[in-house]
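Student: I am new to this structure. Could you walk me through how to read a few of its features?

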Amino acid sequence: MECVVMDKNDFVEVISTWNSIYVSNFMKYDIQRRGKCEINWKKGLLKVISALSIIDDLKGTPVESMIRRAIDYSKHSDVSMIREVHELLHTVENYLDQESDFS
């Protein structure tokens, strides 16, 4: 798999899109109890994060360890960890949004 080099805006877009897809699918499948498709979308989302790399702009920031944990959790393909991955990425997204407000 080829590694894509992202800038900070691209990284924020990936995290934001991932969180939106998670929330949308959570509402659709978990709340409405449509269990047969549940595992496929969760595994797909975990694959996306497992392929993510921390960009240079975020190394040494308060969210670097959260991103690393989300990537590590995702590499195990354990769908029971997807909520934790979402919570970490949601925090990262909020941090990045606040940081861009001060730029």
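Tutor: R68 and E64 are both in helix α3, four residues apart, about one turn of the helix; helices here are DSSP runs (H or I, at least four residues), numbered from the N terminus. This is a predicted model: local features need pLDDT of at least 70, side-chain atom pairs count only at pLDDT 80 or more, and totals for chains, interfaces and linings use all residues. Residues are numbered from 1 along each chain as its sequence is written, and side-chain values use heavy atoms, with hydrogens and water left out.

Student: Is E64 buried or exposed?

Tutor: Buried means under 20% relative accessible area, exposed over 50%, and partly exposed in between (1.4 Å probe, protein chains only). E64 counts as buried because its relative accessibility is 17%, whereas R68 is partly exposed at 41%.

Student: Which residues have the most contacts inside the largest nonpolar core?

Tutor: In soluble globular proteins, nonpolar side chains tend to be buried together. A nonpolar core is a set of buried Ala, Val, Leu, Ile, Met, Phe, Trp, Tyr and Cys residues joined through side-chain atoms within 4.5 Å. Here the largest one has 23 residues, and F11, W18, I49 and I67 have the most contacts inside it. Helices α1, α2 (38-50), α3 (64-75) and α4 (82-101) each supply at least two residues of this core, with α4 giving the most, six residues.
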